[in-house]
Amino acid sequence: MVNASPPSLTPFDFLDEVQARTPGQSRLLMCIQCGTCGGSCPSGADMEHTPRSIFAMIRADMREEVLRSNTPWYCVSCYYCTVRCPQDVHITDIMYTLKRMAVDARLYEEPAAPDFSKVFINWVENYGRAFELGLMSQHMLRHNPFGVLKIADMGLGMVTKGRMAFTPKRIRGIQGLKAIIARAKELEAVHA
Amino acid sequence: MPELIRPKLAYNYFPGCSLERNAEAYHKSSMATAERLSMRFEEIDDWNCCGATEYISLQMLASYALIARNLAQAVKSNGGRDLVAPCSACYLNLKKCDKHMRADAVLAERVNSALAAGGLAYQPGSVHVRHLLDVVMEDVGCEAIAAQVTRPLKGLRVAPYYGCLISRPGLRVDEHNPEYPMILDDLMGCLGAQVVDFPLKTHCCGGHMTQISEATGFELIRRLVKGAADYQADLIVTVCPMCQLNLDAFQGAMNRYFKTAYHVPVLYFTQMMGLAFGLSPEELGIGAELVDARPALAKIGVELPEPVAGEGGAPKRRKDDKSLPMPKMPAGPAGTAEEVRR
C-alpha cells in the first residue's frame, strides 16, 4: 500500500527551515530546475544528487534523504553554480546550510568531511588560529591512517622547506574570542 | 619612465593563518614588492582565523562573529584604511560577512550582540575589504608597475591562475568577469611574461577535498596541472595560498595517484613581480615550493642553489619494479611532461 498516511498539513517545513537558516535571501523558491548548477559543478560527478535534484527534493519535503546525501559535503565552494544560476539562487550558501542541518540532525553518512571541519574549528576556538599540522595529523590518523604514508614525503618536504609549524599560535584576545563564540552559539540556539 | 612621486599608500593588512607558515613566501614577497611600489601594509592587531570554509559548515552565527571580530579589530587598528587580504578565502569571508551584515539587519544585530561579549562592535559597511591583487592593479596600476621592471620575464610562459574565491561569487567591482577575469593576465603581461590564455584560470583547486576524498581532490588538481602543461606553461601563477598548496605540495601525490609525471611549478604573483623588479629569489621566498621552479626560472636568468630534499614531480622508480626502465623525463620546463601511460 502506498501513501498510507495522509499528506502533511505543513508540507514545506523543511523548505522553510533551509531558507530561514541561510543568511540573506537564499532565493531557493526561485529555482526553475534548469540544471545549470549540476552542469557547472566540478565535483558533480561524485555527488549522489546534483544541486538541482537536491532543490527538488527539498521542495518535496524529503528531509532525511536530503540531509543524508553526500551532495553538500562534495560541494567545493567554488561558486560556479551561484554565478551561473539564471535565477540567482544562492546555491553555495544553501549547501553550507545543508551541512549545518545534517550535522545538527546527525544524518550524514560519511564522517570524514564533518569531522575535518570539527577538528579545524576546535583549534580555532581554542587558539584563535588554524593549526595545519594538528589538523592534518588528527584528521588523517582518524580517517585515513595509511594515507599518512602516502603523503609522508610531502609532509617531509613541507617540514624541510620550513612550511610547517610544530606548535599552534594563540592570539592574545583568546578569552574575548571564546566569550564572543559562546554568546553567538547561545543566540543561535535561542533563535533556531 | 618618471620616478614614482606619490605618497605611500597605506593599508590595513590581514595576513591569515596560511601566510604565517606554509605560505610565508607569499607574505615575504608581498612585503618586498610593496616596498618597491610605495605601499605600506600594517597588520591588524591580534587578528584571528577567518574560519576558512570549515566554520560556516558547522556554525552560522558563530562563524560570522568570528569573522566580524577581525573587522572590528581593523576599525580599532586604523579605521579609515582599506583592509587587504592576500588569501582569497580570507578575502571572501571578510567581504561576505560585511556584505551580509549590511543587507540583513537582524544578522548584524545578533553578530554585534555576540561581539559585545568580547567588548567589541562592528558597524556594517565601515571596512572596505580588498584582495591584494586588486589593490596592486587598481591603486598602483600597470604603468607604475612596469616602471619598476628591471628584469622582464621575457620568454617565460606563465599560466595565470585565479581560482575561485577571488573571482566568485562576484562581490568585486562589475568589470571583473567571474569566469574569465583578465587582471592577473594583464599584470603578468606588464612584467614582460608570455601570458598563456589559460581556459581553466578560474576552475577550482579542490579546496580541502584532498583530505575528504582523494579521488575528487586529486582529479581537480590533475585538471589544472594538465591544463597548464598542455598549454606549455613554464609555471602557474597563483593569488591564493590554498591554491598554491594544492597545486604545488600535492602535485607529487597527484602524480602518483594517476601515474603521471607532471612538473609544473606554482609561484605567487608577488614572487613574479619581485623577480621582474630584480629582487633576489631569497628575498621572495623562492625555493620553498615543493615542485622545483629552478628550470623555469633559469629561462629568465635567475639562478638558485640546489634545493633541500623536497618532493619532485616524477614518481620514484620502485626497487622491485620488474618493468623495463623507461627514459626519464628531464626535470625541464613544464610542458614536456606527459602522461607516463601514453
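Guide: Buried means under 20% relative accessible area, exposed over 50%, and partly exposed in between, with a 1.4 Å probe and protein chains only. The model is predicted: local features need pLDDT of at least 70, side-chain atom pairs count only at pLDDT 80 or more, and totals for chains, interfaces and linings use all residues. Residues are numbered from 1 along each chain as its sequence is written, chains are lettered from A and ligands numbered from 1 in the order in which they are written, and side-chain values use heavy atoms, leaving out hydrogens and water.

Visitor: Where is B:Pro152 placed, and what is it in contact with?

Guide: B:Pro152 is in the loop between helix 7 (132–146) and strand 5 (157–161) of chain B; helices (H or I, at least four residues) and strands (E, at least two) are DSSP runs numbered from the N terminus. Apart from neighbours within four places in sequence, B:Pro152 is in contact (heavy atoms within 4.5 Å) with B:Leu191 and B:Ile300.

Visitor: What makes helix 8 of chain B largely enclosed?

Guide: Of the 8 residues in helix 8 (residues 183–190) of chain B, 6 are buried, so the rest of the structure largely encloses it. These are B:Ile183, B:Leu184, B:Asp185, B:Leu187, B:Met188 and B:Cys190. They pack against elements of chain B including helix 7, strand 5 and helix 13 (269–276). Just after helix 8 of chain B, B:Gly192 has a positive phi of about 95°.

Visitor: Why is helix 3 of chain A called oblique to helix 6 of chain A?

Guide: Helix 3 (residues 51–59) and helix 6 (residues 91–104) of chain A pack at an angle of about 60°, their axes 12 Å apart. Angles under 35 degrees count as roughly parallel, over 145 as roughly antiparallel, 65 to 115 as roughly perpendicular and the rest as oblique. The angle therefore makes helix 3 of chain A oblique to helix 6 of chain A.

Visitor: Which residues of helix 3 and helix 6 of chain A make the contact?

Guide: Helix 3 of chain A contributes A:Pro51, A:Ile54, A:Phe55 and A:Ile58, and helix 6 of chain A contributes A:Ile91, A:Ile94, A:Met95 and A:Leu98. By class, this contact has 8 nonpolar, no polar and no charged residues; Ala, Val, Leu, Ile, Met, Phe, Trp, Tyr, Cys and Pro count as nonpolar, Asp, Glu, Lys and Arg as charged, and the others, Gly among them, as polar.

Conventions
Axes are lines fitted to C-alpha atoms, for helices over the stretch in contact, and angles run from 0 to 180 degrees between N-to-C directions.
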